[in-house]
Amino acid sequence: GCGASVRLRPVTPPLLSLHRVRTDDRVIWAVNAGGEAHIDVHGIHFRKDPLEGKVGKASDYGMRLPILRSSPEDQVLYQTERYNEDSFGYDIPIREEGDYILVMKYAEVYFAQSQQKVFDVRLNGHVVVKDLDIFDRVGHSTAHDEIVPFSIRRGKLSVQGEVSTFNGKLTVEFVKGYYDNPKVCALYVMKGTLEDVPKLQPHPGMEKHEEDEEEEEDGEVGEDGGKKRLPAGSKPRVQSGPRTPNPYAADNSSLMFPILVAFGVFIPTLFCLCRL
């Protein structure tokens with residue numbers, strides 16, 4: 001028994017390290033927007049922002065805040081960002097056909113309410129994220145990943161049911177809207193499917209669980225992924241729901257009122273009749 005347990009112990013570390021290498025090998029391009037180079041806990045090599053000094057502005061305002069849902073080692077990915085007063089983006093060369101995933105990392109570290117920063121994300125002209133409001137999605141200083149699967153085959157890019165000609169360059173564009181400036185904290189492209197994407201830690205708030213349930217029902221892209229149809233439909237805003245957990249509570253009180261009035265009239269009348 002003792003010898004068997006000793007032989008089994010070394011098996012786990014190699015498997016874990018192998019998985020790490022595999023994840024890193026699948027990533028073909030990764031950038032820490034607005035920040036320095038960084039290797040995350042999954043072995044992904046994020047390079048220094050190539051737009052530094054060229055487009056937009058880098059900000060490390062988030063460095064003063066802890067970022068929920070992120071491991072301590074990787075909070076720096078969400079604490080720095082690049083934003084611009086107009087639309088901006090990154091060009092990513094892709095030479096091989098296959099299935100890919102675009103992962104964009106965000107955290108709202110400045111605004112303390114929704115409808116302050118809202119923007120779209122385009123992939124080679126296709127709107128893949130509509131009306132992204134980070135605070136509305138996850139709240140303040142909380143990590144949020146937008147995950148967009150796409151494929152390239154026979155010179156065609158396919159994403160979210162749309163197809164266009166692909167010339168070897170993927171352009172991820174953050175589109176200026178009516179509310180403040182578009183931004184991104186970090187982003188990467190990897191070969192594979194949704195199951196291959198490292199997931200964030202669970203959301204500390206209840207509203208996240210409601211969003212996950214809605215996303216599963218909608219059949220949209222996986223955890224944190226895809227279009228922002230959910231918040232636009234206000235379904236997660238059932239945050240105000242706990243004020244009346246029972247939907248019939250208000251109705252019951254309104255029904256009880258006339259009954260109480262009737263008792264109030266009946267009892268004095270009965271008392272007077274008894275005295276007669």
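Which residues touch the most other members of the largest nonpolar core? They are Tyr90, Met104, Phe150, Leu170, Val172, Phe174 and Leu187, in a core of 32 residues. This is a predicted model, where local features need pLDDT of at least 70, side-chain atom pairs count only at pLDDT 80 or more, and totals for chains, interfaces and linings use all residues. Residues are numbered from 1 along each chain as its sequence is written, and side-chain values use heavy atoms, leaving out hydrogens and water.

**Nonpolar cores**
- A nonpolar core is a set of buried Ala, Val, Leu, Ile, Met, Phe, Trp, Tyr and Cys residues joined through side-chain atoms within 4.5 Å; buried means under 20% relative accessible area, exposed over 50%, and partly exposed in between (1.4 Å probe, protein chains only).

**Salt bridges**
- The structure holds 13 salt bridges, each a side-chain nitrogen of Lys or Arg within 4 Å of a carboxyl oxygen of Asp or Glu.
- Arg82 and Asp49 form one of them (2.6 Å, N to O), and both residues are buried.
- Arg82 sits in strand β5 (residues 81-83), 33 residues apart from Asp49.
- Lys130 pairs with Asp120 at 3.2 Å between the closest N and O atoms; Lys130 is partly exposed (42%), whereas Asp120 is buried (14%).
- Salt bridges that share partners join Asp49, Glu52 and Arg82 into one network.

How values were computed: Helices (H or I, at least four residues) and strands (E, at least two) are DSSP runs, numbered from the N terminus.
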